[in-house]
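Work through the exercises below with the sequence and the coordinates side by side, and try each task before reading its solution.

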Amino acid sequence: MVGPQTDQLTVNRMSRLSPLRHQLSWLRRRRHSVRLAAAWFAIALAVLCGLGAMFLLDWQLSMNRAQRIVALAIGARAVIWAYRRFARPLLAVNETDLDMALMVERQQGIDSDLVAAIQFESPEAARWGSVALERAVIDYVASFSSGTNVLEGIPTEHIYRRGLALAATVALFCMAVALFPQYAATFFARLAMSNAHYPTRTVIDEVHVNGAAVTPDVRVVRAGYGEPINFAVRISGEMPGDLKRVDLRSAAGGVAQPVELTEAAKLPGGAMVFKGQLPQLVDSLEFEVHLGDAWTEATRLEAIPLPVVELMLTATPPAYARSAALAEPEQTAGSHQLSVLEGSRADLEITCENKPLSAAMLTMDKKDFPLEKTAADGRRWTLAGKESPLSRIDSPTRFEIQVTDADGLRLPRPVEGYIRIKPDRPPTVNASVDVQYFLPNTGLPEINYSANDDYGISRIQLYVEVIHPGGTSESPAEPIAISKENLAKPLLKPNLPLAGAYRLPLDQFKLAKGDQVKLTLEATDFRGDQPGKSTKSDPVVLQITDEGGIMAALSETDRHAYEQMNTLIQRQSQTGGLK
């Protein structure tokens, strides 16, 4: 039966062996720390060796992204193997104080008294046998344990060997990074799946395709189908040898003819520019630039269709032509030329049949005029309104249209258009009289006239010039208006031609025998708010004479008519008589 006395004995035993227990616990913890450090040393050494091996492979083979992923997987497997082989056996050890006591007994050549003393400390020891024997063993162990060196139980062979190897490897890595920082930075960037390249003697600084920069982050370059592809590469460092080309591969996997690069310019600082051209892009490709020992990653060159633009021009004639009801607004779809009357308005519309447009611009007389989008899908654009440079066409006009589609592509050549001026011909006018001889102040000649025009007549007037026998002449200050009642407003085409007769009183001119009166008609067409064009008829000359002169003129007329009739009869007789 265990009582208070037994408890007191147990406390006394534990107090006697307390220093020994502390030493054994410290030894157990130190051994665990050493094993843990040795295990991590092995893992770190495996990781560093794996990184070193991968660097050598990547540097020599220039592995692509897929190959680097495979190499990383192999390296990870190697580290896992090293963990299982060198680290896990150490980490799996779980020691107790009794294990430490047994180890100390073996190292110090002690019999089983140390383990027995620890076991005798337990409360159950009172039931095992002689108390005096327990006390004697505990006292014995307590007396010699004070001089026992438990440090001999710490395993140092693993940590020293592995620590030395790790320190040497770390020192080697630090030296390599210090001597070749660019290689180290590139290697770790490539571990992160970057496309960075290790330093080369020739350095490719910039690559441009059709003027657009190609950066490591750009994996696709879009270009128009059928367009030439211009490569421009700026380099520095060592000049390349014979290797100066752009390797091309079709999307189907075939190898295309490489594009040779030639030196184009030398820049300050030793940099140079090399250029080359692919005459026509007819399929999607992948390209790599090679100059000396430098190269670029494969970049996709995607062929996309260019915008297909149809031009429609609509001509609206000026108001006077529309009021003449001669023509409706004229439209030309697909044609780049249009003929319009002077003063007409031209409305322009473009339609892209295969893709949306992001912008459209008309250029005329070196000035740019943006077109407006009129369809939500961006396929129809127009140029209209008062601000349009085609709102009034007064002279032949040439223009260009350039568009930018949703892919950022433009037409290889702008759409060109030309607007010609369709002439509005001046009017025609004729004047005639049946009798040319008149008395000075009593004559009233009847002037027959006719006028015609493409669209309308706005005015017709008569110019009178009196020519005296001495050669002097005089004219009224103002011409004489003809047919005022018909021309109160312009006479338009449906009512043309204009014809009539006008009686001119001669007594207003103070004429005398021998004078001549020269009559000229002038017709002016109608051109809306613009001045009309005028045309004068051939002049008609009236002779001023007395009654004898009139009779003589009549006789001369009869004689002339007789001669004409006689000539006609003779011609008929020679051909077989009258029929």
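**Exercises on a predicted model**

The protein chain contains nine helices and 32 strands, where helices (H or I, at least four residues) and strands (E, at least two) are DSSP runs, numbered from the N terminus. The model is predicted, so that local features need pLDDT of at least 70 and side-chain atom pairs count only at pLDDT 80 or more, while totals for chains, interfaces and linings use all residues. Residues are numbered from 1 along each chain as its sequence is written, and side-chain values use heavy atoms, with hydrogens and water left out.

**Exercise 1.** Determine the strand order of the open sheet of five strands, and name its edge strands.

*Solution.* Start from the pairing rule, by which two strands pair if DSSP finds at least two bridges between them. The edges are then β14 (337–341) and β17, each of which pairs on one side only. Within the sheet, strand β16 (residues 357–364) and strand β20 (residues 397–405) run antiparallel to each other over six bridges, and Leu362 has Ile401 in β20 as its bridge partner.

**Exercise 2.** Locate Lys367 in the secondary structure, and decide whether Lys367 is buried or exposed.

*Solution.* Lys367 lies in strand β17 (residues 367–370). Because its relative accessibility is 54%, Lys367 counts as exposed; the classes are buried under 20% relative accessible area, exposed over 50%, and partly exposed in between (1.4 Å probe, protein chains only). The C-alpha atom of Lys367 is 9.9 Å from that of Phe399, a residue 32 positions away along the chain.
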